[in-house]
Amino acid sequence: MFSARDIHLWRGERHLLKGVSFEVRKSEFLQLVGPNGVGKTSLLRACCGLLPVEAGEFLWGGQAIDTVRNDFNRQVAYLAHTNALKADLTAAENLRYELALRRATSSAAITETLNTVGIVHCAELPARALSAGQRRRLGFARILMCDALLWILDEPTTNLDSDGMAVVERLMIQHLLVGGSILAAAHHGLLAGHANARTLELHS
């Protein structure tokens, strides 16, 4: 579904990624692992087209991303290390205005998604009033509502308690079961023991 071929990326004078290649197939989870500063976040941002690379290419469905950019953008959902929320908008408003850029939605769908991630009681609270864990759940709710085939997640369980982590892992498994794919970076193992989970270790 999504692959990288011989990716090279520099940050200033540092050759951060040196010939990284991988693929993420349908219903598969690939987790990037490695020490801090090795380039996990930079690679995820490059996969989304947010960071240019010096050499190599990304492919979607076997085609160079640049030739199918519109289709790829419709089918990818990116959760960064930060949640990209508007502090003065309510939880429901954040989802409504974010999703309006991609597709039509409804108040009922927003309520259902907030319930799925366990913060439906926060629907009318401004994002600035939410705890760090609640904001992370709201960020994940946005991923769910994008209805995308490929999820790209940077530390998806940041600031979550054990219950929140269990919710995220359950939703990840559901996404794989319906044919979706996930590329993620995390400091601890996700979906340990899952048949379709693999790791890619990045080296400095």
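Predicted model: local features only at pLDDT ≥ 70, side-chain atom pairs only at ≥ 80, totals over all residues.
Which residues in H3 meet Ser 107, Ile 110 and Leu 114 in H4? Residues are numbered from 1 along each chain as its sequence is written, and side-chain values use heavy atoms, with hydrogens and water left out.

View 1. Helices are DSSP runs of H or I, at least four residues, and strands are runs of E, at least two, numbered from the N terminus. Ala 91, Ala 92, Leu 95 and Arg 96 of H3 meet the H4 residues Ser 107, Ile 110 and Leu 114 (contact: heavy atoms within 4.5 Å). Five of the residues in the contact of H3 with H4 are nonpolar, one is polar and one is charged.

**View 2. Contact of H3 with H5.** Ala 91, Asn 94, Leu 95, Glu 98 and Leu 99 in H3 meet Leu 138, Ala 141, Arg 142 and Met 145 in H5. This contact has six nonpolar, one polar and two charged residues.

**View 3. The largest nonpolar core, of 34 residues.** Such a core joins buried (under 20% relative accessible area, 1.4 Å probe, protein chains only) Ala, Val, Leu, Ile, Met, Phe, Trp, Tyr and Cys residues through side-chain atoms within 4.5 Å. Residues with the most contacts inside it include Phe 29, Leu 114 and Ile 182. Another core, of 32 residues, lies apart from it, with Phe 2 and Cys 48 among its members.

Conventions. Buried < 20%, exposed > 50% of the residue type's maximum accessible area, 1.4 Å probe, protein only. Nonpolar A, V, L, I, M, F, W, Y, C, P; charged D, E, K, R; others polar.
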